[in-house]
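Morning, everyone. Have a look at the next model, and then we'll go through its packing.

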Amino acid sequence: MTSELDIFVGNTTLIDEEVYRLWLDGYSVSDAVALRVRAGILEQTGATAAVLQSDTMDHYRTFHMLERLLHAPPKLLHQLVFQIPPSRQALLIERYYAFDEAFVREVLGKKLSKGTKKDLDDISAKTGITLKSCRRQFDNFKRVFKVVEEMRGSLADNIQQHFLFSDRLARDYAAIVFFANNRFETAKKKLQYLSFGDFAFCAELMIQNWTLGAVGEAPSKPDSQVDDMDMDLDKEFLQDLKELKVLVADKDLLDLHKSLVCTALRGKLGVFSEMEANFKPPAPQNLSRGLVNVAAKLTHNKDVRDLFVDLVEKVHLGPQFVEPCRSDHWPLGDVRLFLNQYSVTVHSLDGFRHQALWDRYMDTLRGCLLRLYHD
């Protein structure tokens with residue numbers, strides 16, 4: 001009696017997306033097998049527990065061998081050991097470098113150093129993310145930072161070129177690198193309502209408007225001394241911001257600015273009387289001074305790091321800007337109208353000589369405040 005068998009031989013590396021997710025999440029083989037059993041895979045496939053164990057171990061071995069290539073994604077594309085279709089290569093890279101919102105919020109703005117890495121046990125316990133996954137995500141952040149920190153040009157483009165990320169993931173990593181480089185404080189209690197997306201939105205605005213890359217050319221000093229274009233804030237710009245204090249220090253300018261804003265918004269703002277009363281001194285909620293004082297403080301490194309604390313605790317929630325907005329029940333639409341008119345009417349102040357500086361500052365601040373404001 002003879003049997004006929006159809007045999008197919010191929011060398012394409014098979015990637016089980018579910019097992020890959022379990023591996024990325026830091027589960028051991030035994031835990032991954034248990035989770036697969038719980039999901040009903042034995043009933044779905046008719047496999048035995050022994051086969052499932054062997055299948056899971058085989059996938060884990062493959063992922064461990066691929067990991068060294070994932071540390072430098074272009075190597076994955078050019079290697080010949082694993083025959084993986086381009087679409088699967090992109091999936092492997094994208095998911096390996098994906099991160100958990102809860103994790104990134106714990107480390108955003110912190111130095112990517114051994115000191116921070118020692119805190120991963122606590123972060124794991126707090127977030128419920130496995131320690132192994134926390135370490136992978138932290139090491140990914142640090143790896144990308146190290147690769148691009150000395151590069152000139154667009155931060156997101158450099159990341160995308162060297163790690164082959166999607167546009168969205170490259171921009172997210174640009175925000176993470178930018179925050180780590182400038183050490184922005186994000187962990188204070190009053191900032192906890194903000195998501196990574198909120199901070200990433202603001203990071204993109206700052207990169208576009210407040211960095212050396214935003215001005216289109218590097219300062220005139222040797223290349224070895226030039227700051228990274230998108231990594232570092234433009235220090236000359238930050239120093240110049242103190243010139244904006246004239247908007248609140250000069251009474252005539254302040255009065256004219258208020259008059260122009262009030263004329264433009266009369267009949268359009270539901271909280272017009274509250275805005276008019278709180279625009280300038282002696283009102284305890286001094287809207288204009290709060291917005292301008294943020295600029296004046298950015299001349300000091302510590303105050304740069306505390307930018308979001310100032311926007312949220314002292315301006316956004318304190319007596320200078322958003323606390324009066326919240327206490328007077330300003331809807332987001334009214335906040336947007338006010339900030340737009342407050343910003344644009346400065347161009348009608350004949351005695352004000354810093355229009356370009358104002359636009360560069362206020363375009364970003366306005367965008368950030370609208371993103372951070374929750375009515």
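What percentage of the 375 residues of the chain count as buried? The figure is 47%, with buried meaning under 20% relative accessible area for a 1.4 Å probe, protein chains only.

Ground rules. This is a predicted model, where local features need pLDDT of at least 70, side-chain atom pairs count only at pLDDT 80 or more, and totals for chains, interfaces and linings use all residues. Residues are numbered from 1 along each chain as its sequence is written, and side-chain values use heavy atoms, without hydrogens and water.

Fold next. The chain has 23 helices and zero strands. These are DSSP runs, numbered from the N terminus: H or I with at least four residues for helices, E with at least two for strands.

Now the core. The largest nonpolar core holds 115 residues. Such a core is a set of buried Ala, Val, Leu, Ile, Met, Phe, Trp, Tyr and Cys residues joined through side-chain atoms within 4.5 Å. I159 and F165 are among the members touching the most others. Helix α12, residues 167–182, gives the largest share, ten residues.

Stay with I159. Leaving out residues up to four places away in sequence, I159 touches V144, V148, L164, F165, A170, Y173, A174 and V177. Contact here is heavy atoms within 4.5 Å.

Last, the helix pair. The axes of α11 (residues 155–163) and α12 come within 8 Å and cross at roughly 120 degrees. Axes are lines fitted to C-alpha atoms over the stretch in contact, with angles from 0 to 180 degrees between N-to-C directions. From α11, the contact uses L155, A156, I159 and Q160. Among the α12 partners are A170, Y173 and V177.

Technical notes. Buried means under 20% relative accessible area, exposed over 50%, partly exposed in between (1.4 Å probe, protein chains only).
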